[in-house]
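Subject: Handing over a structure

Dear colleague,

Here is the structure that I would like to pass on to you. Please have it open beside this message while you read the notes that follow.

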There are 2 protein chains.
Amino acid sequence: MRRTTIFIVALLPLAGCTAPSGTEAVTTGDKKDTAAVIIAMERSALDRWTKGDPSGFLEISAPDVVYFDPSLERRLDGIEALTRLYESVRGQIHIDRYELLNPKVQICGDAAVLTFNFISYGPEKNNHWNCTEVYRRRDGHWRIIQTHWSITQPFK
Amino acid sequence: MRRTTIFIVALLPLAGCTAPSGTEAVTTGDKKDTAAVIIAMERSALDRWTKGDPSGFLEISAPDVVYFDPSLERRLDGIEALTRLYESVRGQIHIDRYELLNPKVQICGDAAVLTFNFISYGPEKNNHWNCTEVYRRRDGHWRIIQTHWSITQPFK
């Protein structure tokens with residue numbers, strides 16, 4: 001993965017994923033709060049990632065996280081495999097600034113789906129990304145259970 | 001999107017996403033059933049897609065679905081936008097066979113995260129994909145609220 005740092009544009013449209021049946025009611029205020037928490041967690045991890053530190057993502061990923069990025073032959077399963085991948089690039093990624101574009105959070109009970117487009121600005125070129133993160137709340141803590149990074153229009 | 005048909009390999013490892021706090025308990029049996037339902041829905045839609053019919057996906061996508069694929073400049077939001085995209089390719093996609101590889105379903109209350117790798121076999125070349133689908137259950141029906149298709153190792 002080559003992600004890239006610093007400038008963040010964060011418009012925050014909330015998706016219309018109302019409280020699913022079988023869970024407690026979720027008010028609009030609760031949803032806004034949750035969306036803000038999720039986006040802040042993602043930004044914090046990205047800020048560290050773009051300075052070469054993958055621990056921000058590792059600390060908020062669940063044991064059963066699954067992961068896709070364009071460098072891999074197939075889906076990667078579990079925090080141990082993700083840790084091996086991230087440790088292999090520790091200290092090697094330095095991004096001047098990034099834009100996190102148009103984040104949307106769809107909340108369904110204790111699951112939250114964050115999607116956004118992303119631009120990393122590097123010394124040689126800028127990279128454009130699509131990203132989906134699925135967070136799960138357990139014992140009051142949100143953790144990532146699915147990450148999918150891909151190149152926007154890779155063959156353009 | 002270029003997806004491709006018919007032969008499906010379906011090993012079905014269930015993710016360790018236990019019942020989240022605040023929702024009803026989910027037994028292992030329930031989880032297996034849900035995973036089987038989700039994967040069957042995806043296969044059914046893929047079978048139609050690979051014969052040029054996008055309605056299979058449209059019929060199981062929620063009004064607030066969000067969508068990424070490698071042809072798009074940015075995330076696409078909502079069933080109307082997805083319908084326009086899919087109608088633009090109706091009848092144009094014909095895939096000989098496909099493999100749906102190693103599907104995993106992570107269930108969190110009324111959300112289910114399906115991830116898999118995918119190979120489409122066409123007359124000119126084979127394409128390898130990463131895919132994440134997030135399904136949401138409402139009123140007893142599962143519908144897709146997030147789709148992310150990307151190319152596996154696009155620059156290889």
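**Salt bridges**

Counted over all chains, the structure holds 18 salt bridges, a salt bridge being a side-chain nitrogen of Lys or Arg within 4 Å of a carboxyl oxygen of Asp or Glu. Please keep in mind that this is a predicted model, in which local features need pLDDT of at least 70 and side-chain atom pairs count only at pLDDT 80 or more, whereas totals for chains, interfaces and linings use all residues. Residues are numbered from 1 along each chain as its sequence is written, chains are lettered from A and ligands numbered from 1 in the order in which they are written, and side-chain values use heavy atoms, with hydrogens and water left out.

In general, side chains of opposite charge can pair when their charged atoms come close. In chain A, Asp64(A) and Arg136(A) meet in such a salt bridge, at 3.0 Å from N to O. This pair links distant parts of the chain, since Asp64(A) lies in strand β1 and Arg136(A) in strand β5 of chain A, 72 residues apart; helices (H or I, at least four residues) and strands (E, at least two) are DSSP runs, numbered from the N terminus. Both Asp64(A) and Arg136(A) are buried, where buried means under 20% relative accessible area, exposed over 50%, and partly exposed in between (1.4 Å probe, protein chains only).

In chain B, the side chains of Arg136(B) and Asp64(B) form a salt bridge of 3.0 Å, N to O. Arg136(B) counts as buried at 3% relative accessibility, and Asp64(B) counts as buried at 14%.

Another salt bridge joins Glu73(A) and Arg74(A), whose closest N and O atoms are 3.4 Å apart; here Glu73(A) is partly exposed, with a relative accessible area of 48%, while Arg74(A) counts as exposed at 52%. There is also a network of salt bridges that links Arg48(A), Asp53(A), Glu59(A), Glu87(A) and Arg90(A).

**Where the chains meet**

In the model, 48 residues of chain A are in contact (heavy atoms within 4.5 Å) with 48 residues of chain B. The area buried between the two chains, which is the accessible area (1.4 Å probe) that two parts lose on being put together, summed over both, is about 3800 Å², and carbon and sulfur atoms give 52% of it. Across this interface the rule finds 2 salt bridges, and Lys104(B) forms a salt bridge with Asp77(A), with the closest N and O atoms 3.8 Å apart. On the side of chain A that touches chain B, the elements that give two or more residues are β1 (61-68), β3 (97-108), β4 (111-121), β5 (126-138) and β6 (141-151) of chain A. The largest share, 7 residues, comes from β5(A).

Thr115(B), which is placed in strand β4 (residues 111-121) of chain B, is buried, with a relative accessible area of 0%. Not counting residues up to four places away in sequence, Thr115(B) touches residues of both chains, including Val66(A), Phe68(A), Cys131(B) and Thr132(B).

**A helix of chain B**

Helix α3 (residues 79-87) of chain B has Ala81(B), Leu82(B), Leu85(B) and Tyr86(B) as its buried residues. They lie on the same side of α3(B) because they cover an arc of only 130° around the axis, the arc being that of the directions from the helix axis to the C-beta atoms. The face turned away from this buried side carries the exposed residues Glu80(B) and Arg84(B).

With best wishes
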